[in-house]
Amino acid sequence: MQALISLIDTTSRKISRLVGYVCVAIIFVMLGLLVTQVLMRYFLGAPPSWTEELAIILFAWLVLLFATVGLREGFHVGIDILPQKLARLNRWTGTLVASLTTLFGWITVIAGIAYVERTSGQKTAALQMPIETLYLCVPVCGALFILHGVALLLTPARPDEDVS
């Protein structure tokens, strides 16, 4: 059992790190796209419409992916006045947050898959990419929320660790 818990925690940690690197890459691609659009607008007078659309798609992926990293690393929004004062309350609230996060992940996966299926076959306006490219970020990130939530449930923060 301990080996399974260790495997889940290690997988969660490594995927979180990988997702963090992907988010940094997305930021650089978005920056390049937006700089290209601005330069073409001012120097050529004809900005391409596809750069803005691709930047919007990448931004949606970035926000949801980095939210999963925030959950894993513990830099999500939280109120820690009471948990800092009471160690037992801190453990209980950590378990509650991990449980609710896992539930949120399940709901997100189910609703995200249903939405991807409903919009299947549609194309984006400028790029003519399948719209699933945009909407697939919801169930993917829901699955990551489940992974990180389960890892937090199985390996709660120790009292001597800084959870903020």
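## Basis

The model is predicted: local features need pLDDT of at least 70, side-chain atom pairs count only at pLDDT 80 or more, and totals for chains, interfaces and linings use all residues. Residues are numbered from 1 along each chain as its sequence is written, and side-chain values use heavy atoms, with hydrogens and water left out.

## Overall fold

The chain has six helices and zero strands. Its elements run α-α-α-α-α-α from the N terminus. Helices (H or I, at least four residues) and strands (E, at least two) are DSSP runs, numbered from the N terminus.

The chain holds 164 residues, and 31% of them are buried. Buried means under 20% relative accessible area, exposed over 50%, and partly exposed in between (1.4 Å probe, protein chains only). Contact means heavy atoms within 4.5 Å. Of the contacts between residues at least 6 apart in sequence, 73% join residues at least 24 apart.

## Nonpolar core

A nonpolar core is a set of buried Ala, Val, Leu, Ile, Met, Phe, Trp, Tyr and Cys residues joined through side-chain atoms within 4.5 Å. The largest one has 17 residues, of which Val19, Ile26, Trp61 and Leu65 touch the most other members. Helices H1 (2-44), H2 (49-73) and H6 (137-154) each give two or more residues to this core. H2 gives the most, with seven residues.

Leaving out residues up to four places away in sequence, Trp61 touches Ile26, Thr133, Leu134, Leu136, Cys137 and Val140.

## H2 against H6

The axes of H2 and H6 come within 9 Å and cross at roughly 5°. H2 is therefore roughly parallel to H6. Axes are lines fitted to C-alpha atoms, for helices over the stretch in contact, and angles run from 0 to 180 degrees between N-to-C directions. Angles under 35 degrees count as roughly parallel, over 145 as roughly antiparallel, 65 to 115 as roughly perpendicular and the rest as oblique.

On the H2 side, the contact includes Ala60, Trp61, Leu64 and Leu65. On the H6 side, Cys137, Val140, Leu144 and His148 are among the partners. By class, this contact has 14 nonpolar, three polar and one charged residues. Ala, Val, Leu, Ile, Met, Phe, Trp, Tyr, Cys and Pro count as nonpolar, Asp, Glu, Lys and Arg as charged, and the others, Gly among them, as polar.

## Ser16

Ser16 is found in helix H1. Ser16 counts as buried because its relative accessibility is 2%. Not counting residues up to four places away in sequence, Ser16 touches Val69, Arg72, Glu73 and His148.

The side chains of Ser16 and Glu73 are joined by a polar contact of 3.3 Å. A polar contact is a pair of N or O atoms within 3.5 Å; within protein, one must be able to donate a hydrogen and the other to accept it, and residues adjacent in sequence count only if both atoms are side-chain atoms.
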